[in-house]
Amino acid sequence: MLDLQDIFGHGGPLERALPGFRVRHEQRRMAERVAAALADRETFVVEAGTGTGKTFAYLVPALLSGARVLISTGTRTLQDQLYSKDVPLVGAALGRPARVALLKGRANYLCRHRLSLAADAPEQLAMEGAPAPRARGHGALLTRIARWAQVTTSGDLAEVRGLSDSHPLWSQVTATREVCLGARCPEISRCHVALARRAALEADVVIVNHHLLLADLALKEDGFGDLLGSADAVILDEAHQIPDLATQFFGASVGSRQIENLLKDAQPQLRCAADVAALAEALAAVEESLRTLRAALPAASGGGMLATRLAWGERDTGLARAAQDLSRALTGVGETLGARADDAVAAQLGGRADEIAAGLERIAALDELDGARALEVNARGFTLSLMPFDISGRFRALIEARRGAWIFTSATLSLGEEFGHFTGRLGIGSCATLRIDSPFDHERQSVLYLPPAMPQPSAPGYVGAVIDTALPLIEAAGGGAFVLFTSHRALAQGAGLLRARWGEAPPHRLFVQGEAPRERLLQEFRDDGNGVLLGTASFWEGVDVKGEALRLVVIEKLPFASPDDPLVRARIAHLNATGGNAFRDYQLPEAALALKQGVGRLIRSEDDYGAVVICDPRMTAKSYGRAFLAALPPMTVTQEEDEVRRFLRRLAPRAAVSLA
């Protein structure tokens with residue numbers, strides 16, 4: 001029987017089966033430690049630098065262990081890759097084929113019952129204000145979905161060509177937990193969600209995403225029951241996302257659209273013979289309470305622009321009272337509908353009303369030592385939410401209740417050699433940790449430029465100075481650049497300035513976040529080879545551009561969370577009030593990890609090269625700049641622009657020739 005050294009070594013099954021496989025001792029080291037964690041059923045955190053090959057480093061020991069493994073990812077792309085490519089490929093190479101199940105959230109699956117309702121009521125396809133041609137287009141797509149529904153085995157709507165998850169039809173043919181009839185559904189025997197759940201229970205390897213895992217861990221909701229109960233091990237890839245996502249799941253959120261949809265869906269119940277008057281009165285009470293709550297919002301925001309997240313403090317007693325009144329009104333609807341025990345739709349609606357009521361009550365009654373409340377208002381409605389300050393105890397208790405192995409891995413979990421910020425937020429500070437450096441030669445392949453004499457980020461002309469700094473470097477590199485911003489406002493300003501400098505005949509094609517779907521922008525950037533892409537948060541992580549298409553990454557400023565965000569402000573105030581140091585314990589480590597992600601976009605293989613530019617003068621002017629540097633790969637650091645330009649020209653000969 002082969003051991004891990006043989007499997008990952010020269011002439012081993014992975015090298016024989018995988019074109020382009022490279023033997024890396026870092027990968028084998030991680031695999032050996034993961035194997036030990038699986039055998040001992042321990043909680044283990046491993047940071048594996050870019051290029052380690054962490055996917056195979058956990059898949060090989062997982063498949064060899066014979067354990068039932070749940071793998072959770074942060075992105076749908078990695079989830080699909082694991083299911084369609086990586087697990088089958090590794091299983092075949094090892095001679096250990098496994099039963100694999102891919103499980104997504106219920107909103108990804110066709111609901112046959114709702115499809116039949118949509119087909120029976122085509123007039124509903126004419127969305128409010130939608131022109132007739134669009135409605136006809138929806139009808140043609142609905143017909144195509146109906147034909148596909150007759151042959152699909154998975155029910156995954158990603159299979160339907162031309163249907164994106166933002167299309168209005170998507171929500172009409174899927175069932176959220178709020179509208180699902182569950183066991184009372186006439187299509188329950190053919191329900192794709194139930195079938196996917198059954199396949200997952202019978203599989204050796206189940207691949208989910210973090211949202212679904214946390215719903216199961218925190219809430220046992222979404223119709224999937226307790227996925228974790230039958231798993232021997234849970235492996236969380238892209239684990240750096242877990243603390244923030246878990247905070248959301250342990251919080252609460254209620255939006256006006258949820259309430260409006262409930263009122264609309266409850267209207268047909270008024271045609272029933274039983275207790276019509278009581279239901280009409282209960283629904284009217286909700287409508288009145290909703291109007292009262294809306295009226296309280298401007299006062300809570302100080303009369304400012306209602307298009308952003310706003311603070312909701314204990315002084316806003318009128319808003320809290322309005323939320324509690326609305327909660328009581330919704331409870332009345334729940335009681336009235338819940339009394340119709342023989343009516344599946346009424347029971348489901350009653351449950352929705354009760355759940356929204358409970359969320360509102362929890363938000364309105366929040367103790368401000370435990371969490372922060374916020375409200376968001378825009379043209380479509382409002383959302384009330386709360387975020388707990390500390391989830392560590394609850395998360396740790398949930399893990400300890402399940403005795404299997406828990407393995408957390410990502411390229412960005414530590415600051416220097418320390419994992420305390422990550423493990424502390426999850427309450428797993430006593431667990432084993434391991435940091436594995438990237439096998440790439442960052443000192444040879446890359447240079448880090450810290451431009452001198454930059455203005456402060458708060459200066460009015462700062463974004464202009466960033467563009468002025470970037471332009472000669474983009475020219476030297478011949479394009480192939482990311483310019484990463486920390487806000488949408490700075491992104492828009494930077495795009496406008498760059499277009500103004502380049503005029504009618506830009507030397508490179510410009511790709512700007514928001515002007516096309518993210519994946520299309522990335523694909524066209526890769527295909528172009530010499531483009532310039534401007535992006536914000538979603539391009540700082542989860543973006544993989546290997547090869548010469550990306551050779552320069554310009555970072556506008558250090559990615560500190562905005563102190564204007566009421567949730568951030570409340571967390572800072574809480575930490576300071578309870579004896580902590582908000583900057584040291586929260587703002588600095590969060591920003592350093594985010595910067596580590598952004599810098600990590602550049603070097604994705606042994607053959608990549610290029611420069612990273614961090615324009616923020618605080619990198620050199622402030623003592624905490626050392627903490628940011630310590631979090632980054634060991635690149636060559638310079639403050640000489642000419643050195644960076646020579647480096648880029650030397651390593652981008654084709655681009656330089658094309659500019660000559």
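S84 is exposed, its relative accessible area being 59% (buried means under 20% relative accessible area, exposed over 50% and partly exposed in between, with a 1.4 Å probe and protein chains only). The model is predicted, so local features need pLDDT of at least 70 and side-chain atom pairs count only at pLDDT 80 or more, while totals for chains, interfaces and linings use all residues. Residues are numbered from 1 along each chain as its sequence is written, and side-chain values use heavy atoms, with hydrogens and water left out.

S84 lies in helix α5 (residues 76–94); helices are DSSP runs of H or I with at least four residues, numbered from the N terminus. A distance of 9.2 Å separates the C-alpha atoms of S84 and L102, which are 18 residues apart along the chain.

Helix α22 (residues 566–577) and helix α23 (residues 582–599) have axes that come within 9 Å and cross at roughly 150 degrees. Axes are lines fitted to C-alpha atoms over the stretch in contact, and angles run from 0 to 180 degrees between N-to-C directions. Helix α22 is therefore roughly antiparallel to α23 (angles over 145 degrees). V568, R571, I572, L575 and N576 of α22 make the contact with A582, Y586 and Q587 of α23, where contact means heavy atoms within 4.5 Å.

The structure contains zero disulfides, a disulfide being a pair of cysteine sulfur atoms within 2.5 Å. For C111, the nearest cysteine sulfur is that of C185, 5.5 Å away; C111 is buried at 14% relative accessibility. C191 is partly exposed at 22% relative accessibility, and its sulfur is 6.2 Å from the closest cysteine sulfur, in C180, which is too far for a bond.

Terms used:
Helix = DSSP H or I, 4+ residues; strand = E, 2+ residues; numbered from the N terminus. Parallel < 35°, antiparallel > 145°, perpendicular 65-115°, else oblique.
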